[in-house]
Amino acid sequence: MMQPLDSDLMRSFLAVADSGSVTAAAARLYRTQSAVSLQIKRLEDSLGQPLFERQARGVALTPRGEQLVPYARRVVALLEE
């Protein structure tokens with residue numbers, strides 16, 4: 001059984017997806033790079049799927065990550081209402 005997803009993990013996921021970089025996302029979220037990396041790892045572990053491909057200069061969404069983006073945006077928007 002899958003555990004519920006943490007809204008902080010969704011926000012971190014979207015920040016990384018939008019910026020293409022864990023470091024840039026961390027600056028946007030006022031967190032350390034290691035904290036954001038850990039959140040992405042927790043999210044990937046809970047879903048059992050990699051969401052990003054690590055590259056020399058940043059990250060790129062995997063197909064599963066691309067699928068998650070619109071859902072994550074909806075969840076975060078609903079939480080912010």
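The questions below concern helix packing and selected residues in a predicted model.

Q: Is α1 parallel, antiparallel, perpendicular or oblique to α4?
A: Helix α1 spans residues 7–19 and helix α4 spans residues 63–80. Their axes lie 9 Å apart and pack at an angle of about 125 degrees. Perpendicular runs from 65 to 115 degrees, and antiparallel needs over 145. That makes the arrangement of α1 to α4 oblique.

Q: Is the crossing of α1 and α4 left-handed or right-handed?
A: The two helices pack at about 125 degrees. The hand of the α1 and α4 crossing is left-handed.

Q: How many nonpolar residues are in the contact of α1 with α4?
A: From α1 come Ser 7, Met 10, Arg 11, Phe 13, Leu 14, Ala 17 and Asp 18. They meet a set in α4 that includes Leu 68, Ala 72, Val 76 and Leu 79. By class, two residues of this contact are polar and four are charged, while the nonpolar ones number ten.

Q: How many Å apart in space are Val 76 and Met 10, C-alpha to C-alpha?
A: Met 10 is among the contacts of Val 76. Along the sequence the two are 66 residues apart. In space, C-alpha to C-alpha, Val 76 and Met 10 are separated by 7.1 Å.

Q: Is Leu 68 buried or exposed?
A: Leu 68 is found in helix α4. Leaving aside neighbours within four places, its contacts are Met 10, Phe 13, Leu 43, Leu 47 and Leu 51. The cut-off for burial is under 20% relative accessible area. At 13%, Leu 68 is therefore buried.

Q: What separates the C-alpha atoms of Leu 68 and Thr 32?
A: Along the chain, Leu 68 and Thr 32 are 36 residues apart. Between their C-alpha atoms the separation is 23 Å.

Q: Is the crossing of α1 and α2 left-handed or right-handed?
A: Helix α2 covers residues 22–29. It packs with α1 at about 125 degrees, the axes being 8 Å apart. That makes α1 oblique to α2. The hand of this crossing is right-handed.

Q: How many charged residues are in the contact of α1 with α2?
A: On the α1 side are Arg 11, Ser 12, Ala 15, Val 16, Asp 18 and Ser 19. On the α2 side are Val 22, Ala 24, Ala 25, Arg 28 and Leu 29. Six residues of this contact are nonpolar and two are polar, and the charged ones number three.

Q: Why are the buried residues of α2 on the same side of the helix, and which elements do they pack against?
A: In α2 the buried residues are Val 22, Ala 25 and Ala 26. They cover an arc of only 100 degrees around the axis, which puts them on the same side of α2. Their packing partners are α1, α3 (33–47) and β2 (58–61).

Q: Which exposed residues does the face of α2 turned away from its buried side carry?
A: The buried side of α2 holds Val 22, Ala 25 and Ala 26. The face turned away from them carries the exposed residues Thr 23 and Ala 27.

Q: Are α2 and α3 parallel or perpendicular to each other?
A: Their axes come within 8 Å and cross at roughly 110 degrees. The range for roughly perpendicular is 65 to 115 degrees. The relation of α2 to α3 is therefore roughly perpendicular.

Q: What is the phi of Tyr 30?
A: Tyr 30 is found in the loop between α2 and α3. Tyr 30 is exposed, with a relative accessible area of 77%. Although not a glycine, Tyr 30 has a positive phi of about 60 degrees.

Q: Which residues does Thr 62 contact, leaving aside its neighbours within four places in sequence?
A: Thr 62 sits in the loop between β2 and α4. Its relative accessible area is 7%, so Thr 62 is buried. Beyond its sequence neighbours, Thr 62 is in contact with Pro 50, Leu 51, Phe 52 and Glu 53.

Terms used:
Residues numbered from 1 in each chain as written. Predicted model: local features only at pLDDT ≥ 70, side-chain atom pairs only at ≥ 80, totals over all residues. Heavy atoms only, no water. Axes fitted to C-alpha atoms, helices over the stretch in contact; angles between N-to-C directions. Helix = DSSP H or I, 4+ residues; strand = E, 2+ residues; numbered from the N terminus. Parallel < 35°, antiparallel > 145°, perpendicular 65-115°, else oblique. Left-handed = near helix turned anticlockwise from the far one by under 90°. Contact = heavy atoms within 4.5 Å. Nonpolar A, V, L, I, M, F, W, Y, C, P; charged D, E, K, R; others polar. Buried < 20%, exposed > 50% of the residue type's maximum accessible area, 1.4 Å probe, protein only. Arc of directions from axis to C-beta.
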